[in-house]
Amino acid sequence: MLCKHLVFSLCLGVIFIARPLSAQLVELPLEEIFGRSALIVEGRVIEQQSFWDNQHQNIYTNNRIQVSRIFKGGSSVPTTLNVITPGGIVGDQMQRVSESVEYAPGAVGLFCLIPSLLDLPLTPVWENYGAPQGFFQYSLSANSVGHPFHPQSGIAGFRENLRQYTHKQEIILPVAQLEAETANRATPIISS
């Protein structure tokens with residue numbers, strides 16, 4: 001009898017461990033993500049630095065974002081923003097938070113942000129609405145948008161859908177724009 005319970009418990013444990021991350025998240029509708037975000041910008045991660053919070057209990061990473069388009073938030077948005085993500089490395093200490101967004105250096109995409117209420121030594125700071133669901137990562141080479149629940153092919157089409165939710169035309173800032181590379185690629189020519 002004990003053996004049956006042990007086998008059942010192990011099988012159940014394997015099922016839960018093998019589930020993908022998106023299966024552990026609760027899907028947020030696009031209307032909620034876009035509607036509850038105070039700031040929606042398109043940009044690129046240009047710098048990252050980890051630090052302790054003011055209580056020296058948790059490590060956070062500041063992701064410096066260069067903004068190229070503003071879809072929601074007004075024209076007073078600065079050209080660079082501090083977007084905080086939980087976890088990071090400070091000295092010989094590391095913290096990693098599951099079901100959180102982690103940006104790679106140089107990552108590009110759409111950031112759906114809310115003001116951070118965390119007690120941090122850095123201000124002003126923003127954080128993603130809905131953790132990983134508040135970031136839509138662009139693949140410029142594949143001309144696609146990655147997301148745990150709402151992936152899309154075509155960055156231009158994704159922007160048009162976003163305009164339908166915000167009911168506004170975006171503000172384009174005078175910095176390097178994030179455009180799909182496929183339209184600018186030359187066709188390779190092979191000779192001999």
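**Salt bridges, cores and ring pairs in a predicted model**

Arginine 69 and glutamate 170 make a salt bridge, their closest N and O atoms sitting 2.6 Å apart; a salt bridge here is a side-chain nitrogen of Lys or Arg within 4 Å of a carboxyl oxygen of Asp or Glu. Arginine 69 belongs to strand β2 and glutamate 170 to the loop between α4 and β11 (171-172), so this pair ties together parts that are 101 residues apart in sequence. This is a predicted model, in which local features need pLDDT of at least 70 and side-chain atom pairs count only at pLDDT 80 or more, while totals for chains, interfaces and linings use all residues. Residues are numbered from 1 along each chain as its sequence is written, and side-chain values use heavy atoms, with hydrogens and water left out.

Both partners are tucked away: arginine 69 has 7% relative accessibility and counts as buried, and glutamate 170, at 7%, counts as buried too. The cut-offs are under 20% relative accessible area for buried, over 50% for exposed and anything in between for partly exposed (1.4 Å probe, protein chains only). Arginine 69 also forms a salt bridge with glutamate 42, where the closest N and O atoms are 3.2 Å apart. Glutamate 42 sits in strand β1 (residues 39-52) and arginine 69 in strand β2, so that pair joins parts 27 residues apart in sequence. Helices (H or I, at least four residues) and strands (E, at least two) are DSSP runs, numbered from the N terminus. Glutamate 42 is buried as well, with a relative accessible area of 0%.

The structure holds seven salt bridges. Another one joins glutamate 102 to arginine 96, with the closest N and O atoms 2.9 Å apart. Here glutamate 102 counts as partly exposed at 48% relative accessibility, and arginine 96 is exposed, with a relative accessible area of 62%.

Back in strand β2 (residues 59-72), isoleucine 65 is buried, with a relative accessible area of 0%. Beyond its neighbours within four places in sequence, isoleucine 65 is in contact (heavy atoms within 4.5 Å) with Gly43, Arg44, Val45, Thr79, Thr80, Leu81, Val83 and Phe111. Strands β2 and β3 pair in the antiparallel sense over seven bridges, pairing being called when DSSP finds at least two bridges between two strands. Within this pairing, asparagine 63 stands opposite valine 83 in β3. Five of the seven residues of strand β3 (residues 80-86) are buried, so β3 is largely enclosed by the rest of the structure.

In soluble globular proteins, nonpolar side chains tend to be buried together. A nonpolar core is taken as a set of buried Ala, Val, Leu, Ile, Met, Phe, Trp, Tyr and Cys residues joined through side-chain atoms within 4.5 Å. The largest has 18 residues, of which Phe34, Ile40, Leu110, Cys112, Phe136, Tyr138 and Phe158 touch the most other members. At least two residues of this core come from each of α3 (30-36), β6 (108-115), β8 and α4. Apart from it lies another core, of 17 residues, including Val67, Leu81, Ala107 and Phe111.

Aromatic pairs come next: rings of Phe, Tyr and Trp (its six-membered ring) pair if their centres lie within 6.5 Å, and planes under 30 degrees apart count as stacked, over 60 as edge-to-face and the rest as tilted. By this rule there are seven aromatic pairs. In one of them, phenylalanine 136 and phenylalanine 158 have ring centres 5.2 Å apart and planes at 40°, so the pair is tilted. Phenylalanine 136 lies in strand β8 (residues 135-139) and phenylalanine 158 in helix α4 (residues 155-166), 22 residues apart, and the pair links these distant parts of the chain. Phenylalanine 136 is buried at a relative accessible area of 0%, and phenylalanine 158 counts as buried at 3%. Ring pairs also join Phe34, Phe136, Tyr138, Phe158 and Tyr165 into a cluster.

Histidine 147 lies in the loop between β9 (144-146) and β10 (152-153) and is buried, with a relative accessible area of 10%. Its side chain reaches the backbone nitrogen of histidine 150 at 3.0 Å. Setting aside residues up to four places away in sequence, histidine 147 touches Ile33, Pro132, Gln133, Phe135 and Phe136.

Notes:
A polar contact is a pair of N or O atoms within 3.5 Å; within protein, one must be able to donate a hydrogen and the other to accept it, and residues adjacent in sequence count only if both atoms are side-chain atoms.
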